There are 2 protein chains.
Amino acid sequence: MGGRASVAKSAMPKGVEPEPRLSRASVGRLSLYLRRLEVLLREGAAKVSSGTLGEALGVTDAQVRKDLAYLGHLGHPGVGYAAPELVAAIRRALGIDREWRVALAGVGNLGRALLRYRGFAERGFRVAALFDADPAKVRQRVDGLEVHPPEAMAQVLPALGVELGVLTVPAEAAQVVADAMVTAGVRGLLTFAPGVLRLPAGVSVVSVDLTVQLEQLAFLVQLSGGD
Amino acid sequence: MGGRASVAKSAMPKGVEPEPRLSRASVGRLSLYLRRLEVLLREGAAKVSSGTLGEALGVTDAQVRKDLAYLGHLGHPGVGYAAPELVAAIRRALGIDREWRVALAGVGNLGRALLRYRGFAERGFRVAALFDADPAKVRQRVDGLEVHPPEAMAQVLPALGVELGVLTVPAEAAQVVADAMVTAGVRGLLTFAPGVLRLPAGVSVVSVDLTVQLEQLAFLVQLSGGD
DNA sequence: GGATGTGAACGACTTCACAGCG
DNA sequence: CGCTGTGAAGTCGTTCACATCC
C-alpha cells in the first residue's frame, strides 16, 4: 500500500542517545532471579555467582550478568554478587520496593483463586477492593473484603489509592470494566479475558490469555511428537 | 555447567538447509488470528486481507503476511485470504485440528475456574480426568467428573488417552505431580505453579507465572509513570 | 488497482570471548 | 585463580520495499 507514513519519531530531531533500556525479556528473568535469590538466602547463601543463579533457571551465566549489569555495578569480580544487595536492587528496578494497591474485578473462581494466592502479598501487591456485576455477590465478603458494584469504582478506587487492576471478568465485560477502571485512575491492568483491550496511552496492560497458552502447548507437543 | 551444549552447529559440514521454523512468537499470533477470524466469519466476511486481520490486534500487515506465509501459499494477490481455508490451515499448523485429552491436577479455585472456562472446549481441549491430593475432594464430582487421587494417574491417564496435563497445584507439589504425569504418559504440561519444572526431553512445558506477570506490570507502570 | 510473498535492511536479544580486578 | 563487565559476533525476529499476480 502507499504511504502509510505514520508519525513515529519524526519529531525527534536527533542526537538523543539510545539509552539501553531493560527489555521485556530481561524484566521477566529478573523476577525469576529474585525468587531464586530468596530461596538461596533462606538456605544461608550470602554470595551468588552468575552461574549458580542461572543454573536452575536454564539461563546462561553470560545472560545473567548482562541482565544484572543494567542495575549498576553490583558484582564483585572473583567473588560474585552479594545476595541481599542484589535482592534490593532487583526490587527497586522492578518497582516492587513499595506496596501496590490492587483492585480485582470479577469474583468468580479465577478471581477467588488469585485473591488467595500468596505470591502476590509476598511481593507487596495488596488487593484493596473487589468488584462484581452480579447483584448476588455485591455486599458479600470474600476473604475479608466487601464486594462492590462496578458503579462504585469511581468513588472507591481513588479513595483507596488503587493503581493496578486485575480483570477476571467474562470476555464480553472486559472492555467496559477496563474503561471504568482507567477512568477511576488505574494505571495498569492485568487481564485474563481473551481478546485485545484498547486503552489510552499511559495505561499499561499485561494479558494472560489461557487459550493462547494451551495452543502453544499443543503446537510444541505436536512438534516434538511429530514422528 | 556444560552438558546442555548438545551438538551445536560447528559439527555441521554444511549443505543442510536451515528450514525456517514457526517461531514461538508467531505461534502466539496465529492463535490470535484464529480467534479474530472466527469473529470475522460470524460477521459474514469470506475474505480477509493481512491489513484487516492485523489491525485490531496491533500487528502490522507485513507481520501477518510473514506469519501466514509459513502455512503455505494461501493468499490470493489482490484479493486476500479465504477465511475458512485460513482457519483450517491455522488449526492444522497449531495442531488443534483434532481433540486433545487433558488431565487437570489440583481442583482448587484455579482448577475449577479453568474447568469451566469455555475457551478450552471450543478449541478441542477436553478435560478428561481430575486429580487432587486432598482426601476430602477425592471421589467427589466436579462438573460431572470424578476427582481421582494422584496414585491413580498411572492407571487412569493411559486408559483415557490423556496427552496434556494442567497443573493448578501448590508450588511445593508441582514437581512431584509433574513427574507422575510424565510417567503416566503425558507429553505436555501447562503449569500455573511458580518455579521451574525439570522434565525429561520430549516433554513440553508452558508456564504461566502470575507473579512474573504482575511484576512486569508494576515495572511498566513505574516506567510510564516515572515522571 | 489491490494485495500477496519475499529478499534485504534493520533492530533486538543472546552468546562468545576475553580483559581486568579482587 | 575465579568471576565480573563488556565489546564483538552471531542469531533471531520485525519492518521495508517492491516485483508480481489477479
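**Layout, sheets and spaces**

In chain A, the C-alpha centres of domain 1 and domain 2 lie 31 Å apart. Those are the two parts into which chain A is divided, with domain 1 covering 18-93 and domain 2 covering 100-212. Please keep in mind that this is a predicted model.

Next, the two chains. How is chain A laid on chain B? A turn of 180° with a shift of 0.0 Å along the axis does it, and the RMSD is 0.0 Å. The two copies are thus related as by a two-fold rotation axis. As for the interface, 100% of the interface residues of chain A are also interface residues in chain B, so the copies meet through the same surface.

Now the sheets of chain A. One of them is an open sheet of 3 strands in the order 1-3-2, with antiparallel pairing. Strand 1 (47-48) and strand 2 (75-76) of chain A are at its edges; each has a single partner strand, so one side of each has no neighbour in the sheet. Strand 2 and strand 3 (residues 80-82) of chain A run antiparallel and are joined by 2 bridges. At the residue level, A:His76 stands opposite A:Gly80 in strand 3 of chain A.

Another open sheet in chain A is built from 7 strands, in the order 6-7-5-4-8-9-10, and its pairing is mixed. Here the edges are strand 6 (141-142) and strand 10 (204-207) of chain A, each with a single partner strand, so one side of each is left without a neighbour in the sheet.

Within that order, take strand 4 (residues 100-105) and strand 8 (residues 164-167) of chain A, which pair in the parallel sense over 4 bridges. A:Leu104 has A:Val166 in strand 8 of chain A as its bridge partner.

Two helices lie across strands of this sheet. Helix 5 (residues 109-116) of chain A lies across strands including strand 4, strand 5 (125-131) and strand 7 (145-148), and runs at about 160° to strand 4 of chain A. Helix 8 (residues 171-183) of chain A lies across strand 4, strand 8 and strand 9 (188-191), running at about 165° to strand 8 of chain A.

Which residues line the largest cavity? They are A:Val102, A:Leu104, A:Leu114, A:Phe120, A:Phe125, A:Val127, A:Val166 and B:Leu214. Strand 4 and strand 5 of chain A each supply at least two of the lining residues. The volume of this cavity is about 50 Å³, and the count of cavities of 30 Å³ or more comes to 2.

The largest pocket has a volume of about 1,700 Å³. It is lined by 42 residues, and the closest to its centre are A:Arg24, A:Gln213, B:Arg24, B:Ser207 and B:Gln213. Both chains take part: helix 1 (24-42), strand 10 and helix 9 (210-224) of chain A, and helix 1, strand 10 and helix 9 of chain B, each supply at least two lining residues. Helix 1 of chain A gives the most, with 6 residues.

That is the tour. I will take questions now.

Conventions:
Residues numbered from 1 in each chain as written. Chains lettered and ligands numbered in written order. Predicted model: local features only at pLDDT ≥ 70, side-chain atom pairs only at ≥ 80, totals over all residues. Heavy atoms only, no water. Pairing = 2+ DSSP bridges. Contact = heavy atoms within 4.5 Å. Axes fitted to C-alpha atoms, helices over the stretch in contact; angles between N-to-C directions. Domains from an automatic or database assignment. Least-squares fit on C-alpha atoms with pLDDT ≥ 70 in both. 1 Å grid on protein atoms, 1.4 Å probe; cavity = no way out; pocket = protein on both sides within 12 Å on 5 of 7 lines; lining within 4 Å. Points joined across faces, edges and corners; volume = space filled by probe spheres on them.
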